[in-house]
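The following note sets out points for discussion on the structure shown below.

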There are 2 protein chains.
Amino acid sequence: MINKLIKKIKETGAPIVVGLDPMLSYVPEHITKKAFAEYGETLEGAAEAIWQYNKGIVDATYDLIPAVKPQIAMYEQFGIEGLKAFQKTVDYCHEKGLVVIGDVKRGDIGSTSAAYAVGHLGKVQVGSNAYHTFNEDFATVNPYLGTDGIKPFIDVCKEEKKGLFILVKTSNPSSGEFQDQLIDGRPLYELVGEKVAKWGEEHMGDEYSYIGAVVGATYPKQGEILRKVMPKSFILVPGYGAQGGQGKDLVHFFNEDGLGAIINSSRGIIAAYKQEKYAAFGGEGYADASRQAVEDMIADIRGALENR
Amino acid sequence: MINKLIKKIKETGAPIVVGLDPMLSYVPEHITKKAFAEYGETLEGAAEAIWQYNKGIVDATYDLIPAVKPQIAMYEQFGIEGLKAFQKTVDYCHEKGLVVIGDVKRGDIGSTSAAYAVGHLGKVQVGSNAYHTFNEDFATVNPYLGTDGIKPFIDVCKEEKKGLFILVKTSNPSSGEFQDQLIDGRPLYELVGEKVAKWGEEHMGDEYSYIGAVVGATYPKQGEILRKVMPKSFILVPGYGAQGGQGKDLVHFFNEDGLGAIINSSRGIIAAYKQEKYAAFGGEGYADASRQAVEDMIADIRGALENR
């Protein structure tokens, strides 16, 4: 799957990922109105609205981008109905040929991590049948429990040729509280980064490992350091756009080959029509606004990489 | 909810929690057979089997215990159908008057943590309606992202009078890889413990805070230290029984008032009939075996607390 991701990045010339993190407040009125007319102001209605909203964005952008990253929390908040919309979204993105990064940030002790790995990346056995359930291509994983919490995910990834992005240095303001603490003079995130590099050796693709890392766009200096700590790991970089990151800050997340990073934007793309810059598209044109925002993001990052 | 938990611990004299972490391999044949006859060897069949299995255990033990802790991964692996069984289990345990600790180990950046908090502990707004979805009473949370990943959970807890157990020192063998790293001479888990104590001050119940911690039974010395670092935080202690912890090792997780800790056993209770000790119950008597295992666990911990 890392090979497919890289192939698609090269084909599209777009090392970016669209974060499908729908909030009901982002969904244009014509979509919620229709969904609520059919299902009422219910969980089912909300799930239908976010699914239709997602579908519009995917249809308008899938030819420009290699991958999407649905954030499961945004679906899980609507319970079972929301998770059905998550699954529909994953399946639809697969139909459209997109690589799907499940932003699930799971992680637990061994046997429990194994269950999460099976549910999100692998197959679950029921009697003599085996079923893919959520079936993402990559999952984000939390490292706090150490190697035996990560290992079951890697085992499933090996079986399925799938991958992980492990949290190393997250994009949020207080990420430093624990992640920046110095251990023998070096921050915790570097130690985690070293582990990611080591775990990654176990499951290599052609050029890069299937085991990548998450490093926030909001911490470009740390990104530069971590790029060197994990030379063969892809870095998933959230925090572009709405969270404050810009193309020029992100060049050092990439290797000299122009690969090694994939930049995520969520709100900046999917709710583009709410920005002044794209307001002319209006709610009805939200998907076209997303397409324009994707094109602008690609130009920004491509420009930054060409001028580095 | 922390007040209710304490009240129930006092009433039952049992500072324990039964971990509802069903694996299909634990479910006795008579249950799987019936479920598969009705639904086939499908995800629905698996979900029905684990739901019926859970129901038997809850019916056999609810009068002895204050709380249950369903591990969502074990349901999530069966996709949507599995998560329906999770929700059914949570709802049924509420009907039986049990406190439900959702072992979900979620945690993300602010807005995303807010969505998880809403989904698991709060209400989600759809138009003019608000819905409780998974509706656990407590949730376990991962602290790696720092205060702004935790704060949205605390906000929802305040609104709903619910609580959290934040991972501090986990029970698994490699938990020390990051958690034990020394920062100015003190392990990371102590720093996290201090934060838990601080976060807990924001949301106090009568005797203890709504914001507790997870510390593994497999690390009794660290438990003794953390007990003092977080005097007002309840400690949820996994790792009893199957993972190796015993009553006598656990006394220092408790305060002098005999409160402050709640010991979890999962496999040791729910799959008790598979142990030699309880084999006489057989698969048909699995729920009675669970009841006996609960009684034995209570006696072990009570004995240890009396003799400390």
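**Salt bridges, interface and strands**

1. Lys84(B) is partly exposed, at 35% relative accessibility. The model is a predicted one, and in it the side chain of Lys84(B) meets that of Glu81(B) in a salt bridge, 3.4 Å from N to O. Both residues belong to helix H5 (residues 79-95) of chain B, where a spacing of 3 residues separates them by about one helical turn. Glu81(B) also counts as partly exposed, at 22%.

2. A second salt bridge in chain B joins Lys69(B) to Asp103(B), with 2.6 Å between N and O. Lys69(B) sits in the loop between S2 and helix H4 (73-76) of chain B, and Asp103(B) in strand S3 (residues 99-106) of chain B, so the pair ties together parts 34 residues apart in sequence. Lys69(B) is buried, with a relative accessible area of 4%; Asp103(B) is buried with a value of 4%.

3. Which residues does the network that includes Asp108(B) link? Salt bridges connect Lys69(A), Asp103(A), Lys105(A) and Asp108(B). Over all chains, the search finds 42 salt bridges.

4. Between chain B and chain A the count is 6 salt bridges. In one pairing, Lys195(A) and Glu177(B) have their closest N and O atoms 3.9 Å apart. Lys195(A) lies in helix H9 (residues 188-201) of chain A and Glu177(B) in helix H8 (residues 176-179) of chain B, so this pair joins two chains. Lys195(A) is partly exposed at 24%, whereas Glu177(B) is buried at 19%, the cut-off for burial being under 20%. Lys195(B) likewise forms a salt bridge with Glu177(A), at 3.9 Å.

5. The interface as a whole brings 70 residues of chain B into contact with 70 residues of chain A. About 5700 Å² is buried between the chains, 62% of it on carbon and sulfur atoms. Across the interface, 35 residue pairs are in polar contact. On the chain B side, helix H6 (residues 110-120) gives the most, with 7 residues. By class, that side has 33 nonpolar, 27 polar and 10 charged residues.

6. In chain B, 8 strands close into a barrel with parallel pairing, in the order S1-S2-S3-S6-S7-S10-S11-S12. Strands S1 (residues 16-18) and S2 (residues 67-68) of chain B run parallel and are joined by 2 bridges; Val18(B) has Val68(B) in S2(B) as its bridge partner.

7. In chain A, strand S6 (residues 138-141) pairs with S7(A) in the parallel sense over 4 bridges, and Phe138(A) stands opposite Gly163(A). Strand S7 (residues 163-169) of chain A is mostly covered, with 7 of its 7 residues buried.

Note on methods:
Residues are numbered from 1 along each chain as its sequence is written. Chains are lettered from A and ligands numbered from 1 in the order in which they are written. This is a predicted model: local features need pLDDT of at least 70, side-chain atom pairs count only at pLDDT 80 or more; totals for chains, interfaces and linings use all residues. Side-chain values use heavy atoms; hydrogens and water are left out. Contact means heavy atoms within 4.5 Å. Buried area is the accessible area (1.4 Å probe) that two parts lose on being put together, summed over both. A salt bridge is a side-chain nitrogen of Lys or Arg within 4 Å of a carboxyl oxygen of Asp or Glu. A polar contact is a pair of N or O atoms within 3.5 Å; within protein, one must be able to donate a hydrogen and the other to accept it, and residues adjacent in sequence count only if both atoms are side-chain atoms. Ala, Val, Leu, Ile, Met, Phe, Trp, Tyr, Cys and Pro count as nonpolar, Asp, Glu, Lys and Arg as charged, and the others, Gly among them, as polar. Buried means under 20% relative accessible area, exposed over 50%, partly exposed in between (1.4 Å probe, protein chains only). Two strands pair if DSSP finds at least two bridges between them.
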